[in-house]
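Please open the model in a viewer and keep the selection panel at hand. The stops below cover salt bridges and a pocket.

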Amino acid sequence: MTPIVPARTVASRKGASGVPRSQPLQCCRRPKRPRGNSHGEEVSLTGKGSNSVKVRHYNERFVLDAIRRLKEASKSDLARAANLTPAAVAAIVDGLESSGFVKQVGKRFGQRGSPSTLYRLTPERIYSVGVKIGRRALEAVLVDFAGEVRARESHEYRFPDPDLVLKAGNTALANFGKLIGGLGDASIVGVGIASPYFLGGWSEELGFPDDLGRRWEAIDLTTFFATRPKNPVFVENDASSAALAELIQGAGARFRDFMHISIDTFVGGGLVQGGKVHTGPHGNSAALGPLPVSPSSLDSVAAKPARYQSLLHRASIYVLVNHLRSRGIEINRVRELDPLPPGAREPLFEWIDDCANALVEAIIAITSVIDIEAIVLDSILPRPIHLELLARVQTQFNRISAIGIVAPEIVSGQFGAEASPIGAAMLSFSALLAPDSSVLMIGKDKTRLLGSLSTLAG
């Protein structure tokens, strides 16, 4: 339920490590002057009138977020994490339990006093759908409240023709809807869509129709698929969505500040700082593709007079596919590299070396500008090949003595090809349940802090 961007809310949210970076709202505290919530309205913290309801809703989300990060927790654990009184937390937890959002999972023994009842999120209570519109395939996942993938669908195409993408997406949504329809009180609370910016761009590199970009520019993704009227739709860049998935379910447990690098058809990035994904005023932060690096050493890459190449033309899957084809090895999908076709090993490792060198240059540039703890590298490659690329990047980076930067830890992402759709599914939970529920859409639109969870419980 981590928000993807910061916003001016009634209080800052806590860090990704689970340790509060600030406090939840206390009705008994009076600030020197009113603060604004995500509606831009003034919020009084006096505990009087309707504004106290907003405070209660906020604290409810703060407790939910703490339960998710701690995995399981007692009321005392939550009171300490949220810096709320035991009585306030007890009332919130009891309400969440009666509404079905949390459940008891046993007791903790061995400490002084009575055993503590432990609580977890109820995974099957609510679900979210995440859809990634890729350049070669549409990937869709159904994710439960605890962040686990319950169902998945994949629809491949030669290029992302809008009609084919629409049909594939609606098929996945319909199938997920039927599945949830048979689960009693369960419901889908939203749909997230992850899509590359400039979806029809770079048509020359990929052999796309010349008019594809123009066709996608005319499409509003928030109304593109056949979603249910009550299900809000959230749209985000695919690389930023992948970073959100890693923040909530993966590396976010260890790092609050990292750059997520996705090796997909084209390379992309997502920037996480202070436990939040930052997308910038135009939604285009960490667009690593245009980052200048030295020219490629691959003979399959056309030589250009420019002194630099873009990272996109060295650290992308389409470069690998073209290099293999130059050696007579035809593949259409990277999954065809597991197991390796005959003769593919040498050109594959030529690409891995070239890609790793480019990524090391990019990492130095990134860490020269942004102080981060880690680089989280992920890809759609088969996992053994991905780990080989990761090891090569780590080795090459360690050989370079980059003066003036604090070397980040370079680690693997956890989700591979599912990172973007999982992150897209997290958008709905972030908007609905996070203490700071402002989620950046394409453009300038932001959601508002929603009301009580009892609206869902009903």
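Is Arg214 buried or exposed? Arg214 counts as exposed, at 55% relative accessibility; here buried means under 20% relative accessible area, exposed over 50%, and partly exposed in between, with a 1.4 Å probe and protein chains only.

Before going further, note that this is a predicted model, in which local features need pLDDT of at least 70 and side-chain atom pairs count only at pLDDT 80 or more, while totals for chains, interfaces and linings use all residues. Residues are numbered from 1 along each chain as its sequence is written, and side-chain values use heavy atoms, with hydrogens and water left out.

**Salt bridges**

The term denotes a side-chain nitrogen of Lys or Arg within 4 Å of a carboxyl oxygen of Asp or Glu. Asp211 is partly exposed, at 31% relative accessibility.

Next, select Arg392 and Asp353, whose closest N and O atoms are 2.2 Å apart in a salt bridge. This pair links distant parts of the chain, 39 residues apart: Arg392 belongs to helix H10 (residues 383–399) and Asp353 to helix H9 (residues 345–369). Helices (H or I, at least four residues) and strands (E, at least two) are DSSP runs, numbered from the N terminus. Arg392 is buried, with a relative accessible area of 18%, whereas Asp353 is partly exposed at 29%.

Move to Arg120 and Glu72, a salt bridge with its closest N and O atoms 2.9 Å apart. Arg120 lies in strand S4 (residues 116–121) and Glu72 in the loop between helix H1 (51–70) and helix H2 (75–82), so the bridge ties together parts that are 48 residues apart in sequence.

Then display Asp65, Arg68 and Arg69, which are linked in a network of salt bridges. The count of salt bridges in the model comes to 23.

**The largest pocket**

Finally, select Arg136, Asn332, Arg333, Val334 and Ile380, which lie nearest the centre of the largest pocket among its 39 lining residues. A pocket is an open set of points on a 1 Å grid over the protein atoms alone, where a 1.4 Å probe fits, with protein on both sides within 12 Å along at least five of seven lines; lining residues have an atom within 4 Å of a point. Its volume is about 800 Å³, taken as the space filled by probe spheres set on the points. Colour helix H8 (317–326) as well: H8 gives the most to this lining, with 5 residues.
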